[in-house]
Amino acid sequence: MSVMNRRNAVLGWIAWAIAKEAVRSKSRRVVHRSESSTRRKLVVPATIAAAVGGAVLFWKRQQGDDGNPDH
């Protein structure tokens, strides 16, 4: 008897579907609970700071790649 058969595949698919729905509902509860927290208010400034930092690092690296050995 093979380990991979239709019955096991169907049971695995059902288990996966139930697990996905459980994770989705739990994440919805967590997001709903944290909307009023101060952590939510820090997301936008942190995202902007990360974007600016990444742009500065990219710009600095591009400045040093001009082929000049003196840099």
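What share of the 71 residues in the protein is buried? I looked this up before anything else. Buried residues make up 0% of them. I note that the model is predicted.

**Confidence**

I checked pLDDT next. The mean for the protein is 81. A score of at least 70 is reached by 76% of the residues. I then went through the elements. Helix 1, residues 6-34, has the highest mean pLDDT, at 88. Helix 2, residues 38-41, has the lowest, at 67.

**Fold elements**

I listed the secondary structure. I found three helices and zero strands. Read from the N terminus, the order is α-α-α.

**Surface**

I looked up the exposed area. The protein exposes about 6900 Å². Carbon and sulfur atoms supply 64% of that area.

Which residues form a nonpolar patch on the surface? I noted Val10, Trp13, Ile14 and Ile18. Together they have about 430 Å² of accessible area. I took Ile14 as my example from this patch. Ile14 lies in helix 1. Its relative accessibility is 37%.

**Salt bridge**

How many salt bridges does the count come to? I recorded one salt bridge. Arg28 forms it with Glu21. Their closest N and O atoms are 3.8 Å apart. The pair qualifies because the cut-off is within 4 Å.

I also looked up the cover on Glu21. Is Glu21 buried or partly exposed? Glu21 has 39% relative accessibility, so it counts as partly exposed.

**Recap**

The protein has three helices, one salt bridge and 0% buried residues. Helix 1 carries the highest mean pLDDT among the elements.

Note on methods. Residues are numbered from 1 along each chain as its sequence is written. This is a predicted model: local features need pLDDT of at least 70, side-chain atom pairs count only at pLDDT 80 or more; totals for chains, interfaces and linings use all residues. Side-chain values use heavy atoms; hydrogens and water are left out. A salt bridge is a side-chain nitrogen of Lys or Arg within 4 Å of a carboxyl oxygen of Asp or Glu. Buried means under 20% relative accessible area, exposed over 50%, partly exposed in between (1.4 Å probe, protein chains only). pLDDT is the predictor's confidence in each residue, from 0 to 100. Helices (H or I, at least four residues) and strands (E, at least two) are DSSP runs, numbered from the N terminus. Accessible areas come from the Shrake-Rupley method with a 1.4 Å probe; for residues, only the protein chains shown count as cover. Patches are made of residues with over 30% relative accessible area and no salt bridge: like charges are joined within 9 Å, nonpolar side chains (Val, Leu, Ile, Met, Phe, Trp, Tyr) within 5 Å.
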